[in-house]
Amino acid sequence: VSMPDMYLLTEDDAYMYLTAKGFNNIEVLTQYRGDIVQGYVIRTEPEANEMLSLEDTITLYVSTNQTE
């Protein structure tokens, strides 16, 4: 299965899309990104179009406007 492109989807939309496709191991982390509105996916692991299985863990990095 190819990893879908989640860039600039909201966290909720990305999570719902992935679970609807059968992915269940989804982790969400936040990362500061001043140029992107808070709550949007800024990158994923694995990256878009990489091959993976439905059992693999997907990490969504979601923008926050707070530095650590």
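The talk below goes from the whole chain to single residues.

Colleague: What kind of model is this?
Modeller: This is a predicted model.

Colleague: What elements does the protein chain have, and in which order?
Modeller: There are 1 helix and 3 strands. From the N terminus on, they run α-β-β-β.

Colleague: How much of the chain is buried, and what is exposed?
Modeller: Buried residues, those under 20% relative accessible area, make up 29% of the 68 residues. The chain exposes about 4400 Å², and carbon and sulfur atoms supply 46% of that area.

Colleague: What share of the contacts joins residues at least 24 apart?
Modeller: It is 68%, counted among contacts between residues at least 6 apart in sequence.

Colleague: Why are β1 and β2 said to stand at the edges of the sheet?
Modeller: The sheet is open, has 3 strands, and its order is β1-β3-β2. β1 (26-32) and β2 each have a single partner strand, so one side of each is left without a neighbour in the sheet. That puts both at the edges. Neighbouring strands are turned by 25 degrees against each other on average, direction ignored.

Colleague: How do you know that β1 and β3 pair?
Modeller: Pairing takes at least two bridges. Between β1 and β3 there are 7, and these strands run parallel. Glu27 stands opposite Thr59 in β3. Pairing in the sheet as a whole is mixed.

Colleague: Where does α1 lie?
Modeller: α1 lies across β1, β2 and β3. Its angle to β3 is about 170 degrees.

Colleague: What makes the largest nonpolar core a core?
Modeller: Its members must be buried, of the listed residue types, and joined through side-chain atoms within 4.5 Å. The largest such set has 11 residues, among them Met3, Phe23, Ile26, Leu52 and Val62. α1 (11-20) and β3 (58-64) each supply at least two of the core residues. The largest share, 3 residues, comes from β3.

Colleague: Which residues does Val41 touch?
Modeller: Leaving out residues up to four places away in sequence, the list includes Met6, Leu8, Ala14, Leu60 and Val62. Val41 itself belongs to the core.

Colleague: How do you know that the bond between Glu45 and Pro46 is cis?
Modeller: Omega is about 0 degrees, and the peptide bond is cis. Pro46 is found in the loop between β2 (41-45) and β3. Most peptide bonds are trans.

Colleague: What makes Leu8 and Asn49 worth a remark?
Modeller: Most residues other than glycine have a negative phi. Leu8 has a positive phi of about 70 degrees. Phi of Asn49 is near 75 degrees, also a positive value. Leu8 sits in the segment before α1, and Asn49 lies in the loop between β2 and β3.

Notes. Residues are numbered from 1 along each chain as its sequence is written. This is a predicted model: local features need pLDDT of at least 70, side-chain atom pairs count only at pLDDT 80 or more; totals for chains, interfaces and linings use all residues. Side-chain values use heavy atoms; hydrogens and water are left out. Buried means under 20% relative accessible area, exposed over 50%, partly exposed in between (1.4 Å probe, protein chains only). Helices (H or I, at least four residues) and strands (E, at least two) are DSSP runs, numbered from the N terminus. Contact means heavy atoms within 4.5 Å. Axes are lines fitted to C-alpha atoms, for helices over the stretch in contact, and angles run from 0 to 180 degrees between N-to-C directions. Accessible areas come from the Shrake-Rupley method with a 1.4 Å probe; for residues, only the protein chains shown count as cover.
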